[in-house]
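User: I would like to go through this structure with you and ask, for each label, what stands behind it.

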Amino acid sequence: MADSTQQLLKSVFTNGPIEGNNTSVLDLLNRALQLVCNRLDCSAAFILTSQYDNVFAPDSDIIDTTELQCVSHFTASPEAQLLFNQGINSHQVLCDSLLENTQSILYNASQDNIALLEDKPYLSSLLHTFTSLNIDCKHFALSPVLRVGNVKVILGALCVTELKSVADDQPDPCAFVAKLLDDTAYQLASALELRRLAVVLDNKDKQYQELFQLLPMACALIDLHNNVVLQNDIWQSILPIRLGDNLFHIVRDEDHPLLNDTLHIVREGILRQAWCEIPLRNGVKSHWYKFSFCHALNRQQQLLLMVEDVTERYRLADELSFHSNYDVLTGLPNRVQFENMLEELLKDEDHVPACIAFLDLDQFQVVNDLSGHQAGDQLLQQVAVRLKQLLRKGDIVARLGGDEFGLLMHYSDKSSAQQVAKRICQQLFDHEFVWKGIKHNISASIGIAQVDYADTDIYGVMSKADAACQLAKEDGRNRWHFYNPDDPQMHIMYNQMLASVDIAGALALNQFELFYQLIEPLDKQESGIHMEILLRMVQSDGTYVSPGVFLPAAERYNLAPRVDRWVIDNLLKWGGENLNIWQQLSMVSVNLSAMSLADQKFMSWLEMRLMVEPELVDKLCFEITETAAVSQLDQATGLIDLLKPFGCKLALDDFGSGFSSFAYLKCLNVDYVKIDGQFVVNLCSNRSDKAIVSAICQLGKDMNFEVIAEFVENTDIGEYLRNIGVDYAQGYAINKPTRLAELDSGLRTPWLTDATSIITEEERKALEI
């Protein structure tokens, strides 16, 4: 009996859970009950079980139940069938009462069953039902509740005659019946639990397949041989990889090591997920894709591959690379590229004769002031075109910044360089620039220097050209000067320029001082001061050198990171010495140069310096210019990642002055945006400035950053800014830069009084038009 039952249950598991259907499972259970009936020579056998919906009706909407239900029975006689149909099968009290049954129940009509019936009142009720049907139940047996996993099973048998076969070959018929029912019930419970688990797994697999197809990105399963064995709909629509393709057959040979390393990292468990970026040809164009691998967590040890098209990011990176070396407005090489070319020239062992020149447009600011920045940009573009036309073949012209251009003339001596400078001065002076009916006179001052290969770096040559250019300006503009160290006037100018920008000496002698300027909230009730830290160089006579003089020089001579380091270090020292004032402050903004942003040593120092000042750093806000952020997007993002854990804020300075401010703002998670002062200084009278400032203000609301307006020169501008929703204002109307040493309180005194009228939303919209 045991061997037959085990074989049958093995068949239930093999054919039922995975390949069979519910009908075949019930047939197999009926066969098992038939074996029980045959072995016991009884009239009927039945199975009560839980988890009916998970085992036999997996598609049912019914929630899993813990109730017992009769799922199968076998009867050997019409009387037993009647007894079962109208007795056990309809006697729900039996099922409910047996949930806690822990022992076998054996009823023999020929014995004294008083104690049994008292202990099992539902049995008395059931026997009474049998009597009402004129059926004499001789024997009734139930196994205890046997639980395997989530399935509970009770196996029962009854007989309307004596158990003759059992009595013939068993010394203890009751014990034999109990053991047979218990063993068989356990085996059936095991089979049904396996069936339930198989159904659950099958459903999970179907759900997985459905979800896999619905994933919003291209996904595939990769086998151990790196072949694509499954792909979702998105994959098929956007990728040139088909089912059965091997990943290594469709990527370039030079990308095989990268792909192999990425797969190795995941398969060996070094990382749970790894990715690489690889170009593939999709149609006529090459696209860059990010391949992300992780374990699929299935028996086949496959990998889940998620693919993202990153072509746009690579295109953007190429564009940024261009912008980092070229001026977007004019298309000319920028200062960085110009200095790189000059460095390469100095490394040339042939020491070919060459000259460099610095060219400044005379009175360029007048064009901006009279006709606006659009006119100034147009003029710069026209000058760039003219300069390229006027130089010799092979000469280089670059825009160094503002209205300053640099010229690099190869195979040039003093005479040929002067001829080029003369031609440029004449042609620019004759160039007619008219903007909206206003004619502007154009001229340039040019300083020229011979490239001296004895100079240890490019800055010696550049300083000489700078000095010659400054002398040309002082001598009346629209002229050129060639640097001559023997010229007393030139020598004085050169020395004065070096003295005024002796950044290294000033750093060594601590000849700097910190100033501050208020950043005033326009419509907030902040108690503490929000201020920006400014820097002044102190000369030996106690006078201050404007940052407009020494900061460009610091960047030119690659000393900007050292200057930034001095500022931050001394600011934190002041904060530690004046902790009461510091704690009253709302925010302290500090500028970082583009060179510091790209200097890994400086960034490492900054991180360490902030770590040792936990009580100070959460007040800090670091400002970087829009130009620096856009040209060094990765470094700017790295700065954000460095600062956020310390609680520091980040501000984007001079916003609106760049080539695509709005496009790149979405890449930077900044806290503040400072509107470039050119859009603020004439705000009340310039319709275009109003539109730009209003647009930036609305952008701040939508992207969750606060807006600061610079160059607030009067209260009218301040009130207008407040009325259109700008958060902060900074400018001479609020206060002029003041020595930080004179700050004796961090508490704020409001600039615009509460009595200042606030316009309605309708009036605000009218102002924005």
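Predicted model: local features only at pLDDT ≥ 70, side-chain atom pairs only at ≥ 80, totals over all residues.

User: Why is Arg609 called buried?

Analyst: Buried means under 20% relative accessible area, exposed means over 50%, and partly exposed lies in between, with a 1.4 Å probe and protein chains only. Arg609 has a relative accessibility of 11%, so the residue counts as buried. Arg609 lies in helix α25, where helices (H or I, at least four residues) and strands (E, at least two) are DSSP runs numbered from the N terminus. Leaving aside residues up to four places away in sequence, Arg609 touches Asp569, Leu572 and Lys573, a contact being heavy atoms within 4.5 Å.

User: What makes Met608, Met611 and Val612 a nonpolar patch?

Analyst: Patches are made of residues with over 30% relative accessible area and no salt bridge; nonpolar side chains (Val, Leu, Ile, Met, Phe, Trp, Tyr) are joined within 5 Å, and like charges within 9 Å. Val612, in the loop between α25 (600–611) and β24 (620–625), has a relative accessible area of 54% and is therefore exposed. Together the three residues Met608, Met611 and Val612 have about 320 Å² of accessible area, computed by the Shrake-Rupley method with a 1.4 Å probe, only the protein chains shown counting as cover for residues.

User: How do you know that Asp183 and Lys179 form a salt bridge?

Analyst: A salt bridge is a side-chain nitrogen of Lys or Arg within 4 Å of a carboxyl oxygen of Asp or Glu. For Asp183 and Lys179 the N to O distance is 2.7 Å, so the pair meets the definition. Because they are four residues apart in helix α9 (residues 173–214), about one helical turn separates Asp183 from Lys179. Asp183, at 34% relative accessibility, is partly exposed, whereas Lys179, at 52%, is exposed.

User: Why does Asp671 count as buried, and what is its salt-bridge partner?

Analyst: Asp671 has 18% relative accessibility and therefore counts as buried. Its partner is Lys644, with the closest N and O atoms 2.8 Å apart. This pair links distant parts of the chain, 27 residues apart, with Asp671 in the loop between α28 (661–665) and β26 (672–675) and Lys644 in the loop between α27 (633–643) and β25 (649–655). Lys644 is partly exposed, at 30%.

User: What makes β13 and β18 edge strands of their sheet?

Analyst: The open sheet has five strands in the order β13-β14-β12-β17-β18, with mixed pairing. β13 (396–401) and β18 (479–482) each have a single partner strand, so one side of each is left without a neighbour in the sheet.

User: How many salt bridges are found in the whole structure, and which residues are linked in a network?

Analyst: The search of the whole structure finds 21 salt bridges, and Glu532, Glu623, Lys674 and Glu710 are linked in a network of them.

Key. Residues numbered from 1 in each chain as written. Heavy atoms only, no water. Pairing = 2+ DSSP bridges.
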